[in-house]
Amino acid sequence: MGEIDIANAFVVLANFVLIPSISYGSQLALGALGITLVYGILRFSNFAHGDTMAFGAMITMLCTWWLQHQGIHLGPLPTALIALPIGIIACVALLLAIDRSVYRFYRTRRAKPVILVIVSMGVMFVMNGLVRFVVGPGDQRFADGERFVISAREFRDLTGLQEGLAFRTSQGITILTAIIVVIALFWFLNKTKTGKSMRAYSDNEDLALLSGINPNRVVTYTWILVAILATVAGALYGLDKSFKPFTYFQLLLPIFAAAVVGGLGNPLGAIAGGYLIAFSEVTITYAWKKVLGYLVPWWEPTGIVQFISTDYKFAISFSILLIALLFRPTGLFRGKAY
Amino acid sequence: MIVTTGVIQSWNSALLILNMGLVSAIMSLGLNLQWGLAGLFNVGVMGFVALGGLATVLIAMPATPTAWGAGGARIVIALLFASVVIAAVIGVYKRMPNSTTRFVVMLALLLIGVIIYRAILDPAVATVEAINPALAGYIGGLNLPVLVAWPVGGVLAACAAWLIGKTALGLRSDYLAIGTLGIAEIIIAVLKHEDWLARGVKNVIGIPRPVPYEIDLQQDANFLARATDLGIDPTIASSLFVKLNYAILFAVVLLTLFIMAQLALNSPWGRMMRAIRDNEVTAAAMGKDVTARHLQVFVLGSAICGIAGAMMTTLDGQLTPASYQPLRFTFLVWVMVILGGSGNNLGAVLGGFFIWFFWVQVEPIGLLLIEFATIGLADESWFKQHLLASAAYMRLFTMGLILLLVLRFWPRGLIPGR
């Protein structure tokens, strides 16, 4: 086993495991941040979050199509980046309207959290119907621009290795955007006055109210942040894979798992949880035969050395969730829940 | 309402709605036991319903002749081995002191376990699935009467509920919700992808019925004579007769479960459950084991959902894993319970009928409304075409709206519970 073999093995690993799980993890982390913010400040588990992501992504997609129709393009980058702010604005408007018309009533009455969860189920139904009504239940694509930052062949020519490394534009954009959004979010929460009042409100509602924090303002900002996070996460997921309303509903499980594993209500935990879930999902469902072929050439495995088939990727986030609930219900970063 | 449908549309579709309404009422009875009586938040109804459906296949279908010899036994060995490994891991967790060594030992056990399990299972699965894949390709069932499958479906669902309840109960209520959501997705994934078990997305069709077949009726001289007496076309008569038979069977089950639920609600046990629901801390202080009681009622409610699932699959005569959608099988049942009035069994049953009726009828009504609203537009206009094509999704929207409106203005439902 020479150095070349190790390099080849690493390239295969990066191509099929590292890059996909980092970009998938970024999408999950952004989604989980939204769940965790609602949980920390509004104090309920938002079942409508997956469909909020679908709504934001749908508006972004419609806008992208319109822009493409008008002949506006962003060169090598996907046109969806121009459309993203419009998706965010629409999503903010929708969430604020829903908050005013639905959630506020229960908040002022201090209803039990579980009632709010059921209410969020109703909201989920409505959003679900709305999205399917507008674009239908089918699979749609809206990615354009250059497909690869570096394609497998270019990489092979460049390095002379046997294995190629493909780095798709959508993956690069996902990772970059996620970093920017997360930095901005933490800056907002830690440095601005509004952000600080949000954290105070999340820590101790009564004390925050006593010190003169305006709860309506905190709630409004929370929904705005949630809309931004959800739209960005949804649009990135749609760019990277494809847009299908039902997949967004199914994303609810890994996203919740990420938020719970990291500690519900803790933003840092949500990010860690997102990557943890993504890495576990990809590594456990990956067929390791090729990597092992380079590293342990004398052993010829009979199968493709895959622990669990990709059909059961939900089972993985679920098992991680169960393990977290059994052994450390507060999550990695000590969230609020017990 | 159902009678109106009979008059306006046809008696056939009215009975169809009635039958599914009966099944829906049983599901909502089960969920009401969990939510209304105990305040447990179960969003995995779909999973338990699907397990009931699986039970009908495993009980009622004829066994695939060569499957057991070819690999069926080996599959059972593999599953037994898997449970031994899990038991061993739990044993290690309980016996060894908390340390890194324990973690490593558990991980190693699991890893080696998975590899051996796959080595036993995979070839067996391949041989079973290779047997006549167009028609069979699965282990088949026990060839027992399909009615046996109904309680068995309940037992299967109860086992799954016990597993999930054991882990998630006693924690926050949201965790149970997420846990049940997950288990439901996993059950559906297993049904879709384990072809040896129930043919996966290839579907199992032709599940035996507990009632006569239309074809046989149409050749039965007695039946034909009676149909002519009543002045009904024999084809229609036979289909009505079959549906009526189902309706009677289902009504008997619903009535039995309803009486049992009603007795439970008014018994000391029911009073205790309500006391726990209303104030867990006080109930615990009075010496009630809150978590154990929760587990009990969670298992019972899920079993009822499982029975309903088995009945539904029997009615359809086929198991189609791809048709299990969480919105349809979990959240719709929730709308039924909330509309009916949480905590009231009669309310749950009524809610089941009402919502099922609307679920079926909103689509034609929505279509009519859109036709009416777009009457000024040209038929080939893009906008009108799109609206007409999307009318089907109106019902999701409507159901959400009903749920939100009931919660806001009528939080106690049609018939308030206690």
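1. A word on the model: it is predicted, so local features need pLDDT of at least 70 and side-chain atom pairs count only at pLDDT 80 or more, while totals for chains, interfaces and linings use all residues. Residues are numbered from 1 along each chain as its sequence is written, chains are lettered from A and ligands numbered from 1 in the order in which they are written, and side-chain values use heavy atoms, leaving out hydrogens and water.

2. Start with the meeting of the chains. In chain A, 49 residues are in contact with 49 residues of chain B (heavy atoms within 4.5 Å). The area buried between them is about 4600 Å², with 78% from carbon and sulfur atoms; buried area is the accessible area (1.4 Å probe) that two parts lose on being put together, summed over both. A:F125, A:F133 and A:Y312 supply 17% of the area that chain A buries against chain B, more than any other three residues.

3. What about charged pairs? Between chain A and chain B there are zero salt bridges (a side-chain nitrogen of Lys or Arg within 4 Å of a carboxyl oxygen of Asp or Glu).

4. Which element of chain A gives the largest share of the side that touches chain B? That is α4(A), with 16 residues; helices here are DSSP runs (H or I, at least four residues), numbered from the N terminus. The residues on this side of chain A divide into 39 nonpolar, eight polar and two charged, where Ala, Val, Leu, Ile, Met, Phe, Trp, Tyr, Cys and Pro count as nonpolar, Asp, Glu, Lys and Arg as charged, and the others, Gly among them, as polar.

Definitions and conventions. Helices (H or I, at least four residues) and strands (E, at least two) are DSSP runs, numbered from the N terminus.
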